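Please open the model in your viewer and keep the selection panel at hand. The tour below moves from stop to stop, saying what to select and what can be found there.

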Amino acid sequence: MQLYNTLSAEERAQLIDEAGKQRLTLSFYAYAKISDPKKFRDELFIAWNALDALGRIYVANEGINAQMSIPADQIEAFRNTLELYDFMKGIRLNVAIDQDDHSFLKLTIKVRHKIVADGLNDETFDVTNKGIHLKAQEFNNLLEDPNTIVVDFRNHYESEVGHFEGAITPDVETFRESLPIINEQLQDFKEDKNLLMYCTGGIRCEKASAYFKHQGFKNVYQLEGGIIEYTRQIKEEDIQSKFIGKNFVFDHRLGERITDDIVSQCHQCGKPCDNHTNCANDACHLLFIQCEDCKGAMENCCSTACLEITHLPLAEQVKLRKGLEVGNKVFRKGKSDSLLFKNSGDLPNKPLAKAETKNIRQKISIKKTLIGKAEHYYTRSKIAQFLIENNELSIGDKILISGSTTGEQELIITEIFANGAPCETAKVGDQITFTIPFRIRLSDKLYKVLG
Ligand SMILES: [Zn+2]
Ligand SMILES: [Zn+2]
């Protein structure tokens, strides 16, 4: 029985591209009593591997915590694998807003002591005595209450790029550290204030709320499903977002934009920016915020020291790493003396800048006609394949390619191959290919821009 990944990340990325199928990035968790986590792990691996499900999953005696990428057409089959377990019947799957087919490239299910490293001794308090769950609108209402204290239970690099207005954002690297700090800081408010807590997907608050009730807080509330579910609800119900900026996520996208506010700075030049990156020096890999200009000048490195190292021959880089505390910066998660504009602890509630978003009105004013849809993208050769379903397309035409992951991309057609042969004008029914400087996705729409 094959219970481990047999493909490398690169091989997997290529397979996903060749399959050309859309994938959904999602997360879920459940606290439950699992007597044999190892057996549970193996069952899940077999079931999910068969569905081509990928992701990073932790299982423990106390439950499951999963971040995953699922082929969109397998979502029902995936749900069925969860429904087999009583404690996951009807479970809410938090589906990410921006979809990326490459969010996860392996299926990794690990058995852990706990599903979240909370540092709590669960025997000492009642973990089921949780705070009151709030939906987005209820959360907003309580935020308005002057008697409310709102606490961000995420880490400094998460709250830095986005947080609720007025939230206390502890300067911590782990969830474990934030619990005693908050307990200490809010000592005098246990009786009369509303303690409102939130995190990314709700899992951290699930136990933290029980912990704070045990510590004597009388009015404890938590954002149900965390920022991810909050975002879904404000979009669906057209509620004003009281969360500003980006929601940091743990897959390679590193963040989902919630509002167009930028609340953080490039750590190197101080310009408003909220794009996280990892230092290009493999021995460093520091998580930090870097603007496009600094990325160019510093070649994706966090410091001149790292930049110099990346210019050495590989063999020498490897030699340098030996005997060095390599893990040091990696586990310091986003703090280094060379970063001058790193902010943590007290964060601004006023946006520093607005992210550039395409003006919707402008988009509508572009006159265009639908030509067809994307059938394939050849990653290596950067060739796109479309099927023409309406009208026709000629060399010199301006086209617009549009899709949820691709966005809206315009370009002028300089060559067309119809059914394998070069041609001037392609007609309905033709399968056309041409090279394209960006990746497209299956079912992206192809338009001809008019006038
Ligand atoms: Zn910069
Ligand atoms: Zn570095």
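Begin by selecting C266 and C294, both of which are buried, where buried means under 20% relative accessible area, exposed means over 50% and partly exposed lies in between, with a 1.4 Å probe and protein chains only. Before going further, please note that this is a predicted model, in which local features need pLDDT of at least 70, side-chain atom pairs count only at pLDDT 80 or more, and totals for chains, interfaces and linings use all residues. Residues are numbered from 1 along each chain as its sequence is written, chains are lettered from A and ligands numbered from 1 in the order in which they are written, and side-chain values use heavy atoms, with hydrogens and water left out.

C266 sits in the loop between β13 (261-262) and β14, and C294 in helix α9, so the pair ties together parts that are 28 residues apart in sequence. Helices (H or I, at least four residues) and strands (E, at least two) are DSSP runs, numbered from the N terminus.

Distant parts of the chain are linked by C279, in the loop between β14 (276-278) and β15 (287-289), and C302, in the loop between α9 (292-298) and α10 (304-310), which are 23 residues apart. Both C279 and C302 are buried.

**A paired strand**

Move to strand β1 (residues 23-31), where seven of the nine residues are buried. β1 runs antiparallel to strand β3 (residues 63-71), and nine bridges join them; strands pair if DSSP finds at least two bridges between them. Here R23 stands opposite P71 in β3. β1 also pairs in the antiparallel sense with strand β4 (residues 94-95), over two bridges, and L26 has V95 as its bridge partner in β4.

**A lysine and its contacts**

Which residues does the side chain of K342 contact? Select K342 in the loop between α12 (327-331) and β16 (353-354), and its side chain will be found in polar contact with the side chain of H156 at 2.8 Å and with that of E160 at 2.6 Å. A polar contact is a pair of N or O atoms within 3.5 Å; within protein, one must be able to donate a hydrogen and the other to accept it, and residues adjacent in sequence count only if both atoms are side-chain atoms. K342 counts as buried because its relative accessible area is 18%.
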